[in-house]
Amino acid sequence: MGKITGFLEFDRKDEAYAPVKERIKNYKEFTKPLKESELKNQGARCMDCGIPFCHSGCPLGNLIPDFNDAVYKGKWEKAAEILHSTNNFPEFTGRLCPAPCEEACVLGINEPPVSIENIEKNIVETAFKNGWIKPEPPMNRTDKKVAVVGSGPAGLAAAQQLNRAGHTVTVFERDEKPGGLLRYGIPDFKMEKNVIDRRLEIMEQEGIEFKTGIHVGVDVTAKELQNEFDSIVLCGGATVRRSLPVQGADAKGVVQAMDFLPQNNRKVDGIPFKGEDISAKGKKVIVIGGGDTGSDCIGTSIRQGATSVTNFEIMPKGTTERPEGQPWPFWPMRLRTSSSHKEGAERVFSISTKRFNTDKDGNLTGLVTVEVEWIKQPGQRPMLKEVEGTEKEWKCDLVLLALGFTGSETTVADQLNLEMDSRTNIKASVADYKTNVPGVFAAGDQRRGQSLIVWAISEGRQAAHYVDKYLMGESYLPLKGEGDLPRV
């Protein structure tokens, strides 16, 4: 697999970034691809490790050593075929996935792991460049109609798989264009939207219909879909945002990240937006939340012209090495520094916001924080404790709340009388993705809660198998780790 001694001969090499001063002038992607010879060397680093733990690290079960070997040997079209057999959208995961596969790489035990994500991205980009990715409509159609609600990665994956099985698939999206958070949450500097559009064009040519600007549950009821379609797959995501219940949280200038980011994406795309213009230009910005969404807010604020950006994280600063208690091959909660962090943001850890300060008109003027520590006791969840005498006031003009999501919206679930869990996620068994209502399935964040893009694609693929089985009695659609189906 790969070159037997490749991991001894070649060091890991990642894509370079354009200089900060250059890249923050626009919203374009700014990575600089490796040469083909360098990518072959990276593929050669994949060891003949016996048991490829990267398979278990990847929620899709991607056949990673196989496509690494194909890249090493220069067989790019074969690599693309292998990659697409388990992953509908490697151009998305190759840019946006945090790469749990790399954390599970055997080489990563004592060396930098194989650069799986970057290899994946270059495989699919090479395939698009050479015209190898073409529409593949089914040879025959069934008489079954399926409605997919939500066009994020879970919905798109479910739709493409079900269409391949021969069913007539309609995807409903409440926003102006399909893509979900891929389009309206992820900034263009991480993934330009033509990457989504070229894949959607292929899916439309394969026979999938997209109905945008239709809010299921509002513009059309879930019951109406139930009457029109043989099955419904709910992939609406976990979109209920977590708030910060402290004094002054309703101040003008305290904004949810998922109001700020989608509006900016619409600006970049030239799409009209509703509501007041939210801009970081000329402002002191504080981003509360240390995850990927917080990082996206940082990069966007800098590009909009913020005078300063500070990032608050309630958790302590992580280590660059694996923490104790999180051994290989499990996902480690280590310190991660994004390209946006490196563009000029100050990061503050172990800090909690106590209140927001306003002027007499309710405009944000600053906030007050306190340092915190996490108290750990055997057998108990860590407890948060404020450090006495550490209150501090920070001047700011704009606060962006990047605190994640608490669950999914309930309108459709209420209309269909679906069972939900305590976090308002739709109850659907991972064994078959069925809800308590016959013919209604759920997948992605709307089923499992806020998670990774690679999990969303995996869930969409898995759900499609069980929808197909429900409709036809059996299914040839692949499950995790299996190759793609023969055309019907």
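This note sets out numbered points on the predicted model shown above.

1. Basis of the note. Because the model is predicted, local features are reported at pLDDT of at least 70 and side-chain atom pairs at pLDDT 80 or more, while totals for chains, interfaces and linings use all residues. Residues are numbered from 1 along each chain as its sequence is written, and side-chain values use heavy atoms, without hydrogens and water.

2. Annotated spans. An unreviewed UniProt entry assigns "domain: Dihydroprymidine dehydrogenase" to residues 23-131. In the model this span is 52% helix and 2% strand, with its end C-alpha atoms 29 Å apart. UniProt also places "domain: FAD/NAD(P)-binding" (unreviewed entry) at residues 144-460. Residues 144-460 are 25% helix and 24% strand, and their end C-alpha atoms lie 18 Å apart. UniProt positions follow the numbering used here, feature names are shortened, and the annotations may be inferred rather than shown by experiment. Helices (H or I, at least four residues) and strands (E, at least two) are DSSP runs numbered from the N terminus.

3. Packing of α3 with α5. Two packed helices are described by the angle between their axes and the distance between the axes. The axes of α3 (residues 36-44) and α5 (residues 64-72) come within 7 Å and cross at roughly 140 degrees. Axes are lines fitted to C-alpha atoms, for helices over the stretch in contact, and angles run from 0 to 180 degrees between N-to-C directions. The two helices are therefore oblique to each other; angles under 35 degrees count as roughly parallel, over 145 as roughly antiparallel, 65 to 115 as roughly perpendicular and the rest as oblique. The crossing of α3 over α5 is left-handed, a term for a near helix turned anticlockwise from the far one by less than a right angle, with clockwise being right-handed.

4. Residues at that crossing. From α3, L39, K40, G43 and A44 meet N68, V71 and Y72 of α5, where contact means heavy atoms within 4.5 Å. By class, the residues of this contact are 4 nonpolar, 2 polar and 1 charged. Here Ala, Val, Leu, Ile, Met, Phe, Trp, Tyr, Cys and Pro count as nonpolar, Asp, Glu, Lys and Arg as charged, and the others, Gly among them, as polar.

5. The buried side of α3. Which residues of α3 are buried? They are E38, L39, Q42, G43 and A44; buried means under 20% relative accessible area, exposed over 50%, and partly exposed in between (1.4 Å probe, protein chains only). The buried residues of α3 pack against α1 (6-9), α5, α6 (76-84) and α9 (116-129).

6. N68. This residue lies in helix α5 and is buried, with a relative accessible area of 0%. Leaving aside neighbours within four places in sequence, N68 is in contact with G43, C46, V114, I116 and I119. N68 and S115 are 47 residues apart in sequence, and their C-alpha atoms are 9.6 Å apart in space.

7. G150. The loop between β3 (145-149) and α10 (153-164) holds G150. G150 is buried at 10% relative accessible area. Beyond its neighbours within four places in sequence, G150 is in contact with G155, V171, F172, E173 and C235.

8. Packing of α14 with α15. Helix α14 (residues 257-269) packs on helix α15 (residues 292-304) at about 50 degrees, with the axes 10 Å apart. That angle makes α14 oblique to α15, and the crossing is left-handed. In this contact, A257, M258, F260, L261, N264 and K267 of α14 face T293, D296, C297, T300, S301 and Q304 of α15. The contact has 5 nonpolar, 5 polar and 2 charged residues.

9. Backbone points to check by eye. Most residues other than glycine have a negative phi, and most peptide bonds are trans. A cis peptide bond joins W328 and P329, with omega about 5 degrees; P329 is in the loop between β10 (308-313) and β11 (346-349). N417, which is not a glycine, has a positive phi of about 60 degrees. N417 is in the loop between α16 (411-416) and β18 (440-442) and is exposed, at 55% relative accessible area. T424, also not a glycine, has a positive phi of about 60 degrees. T424 is in the loop between α16 and β18 and counts as partly exposed at 27% relative accessibility.
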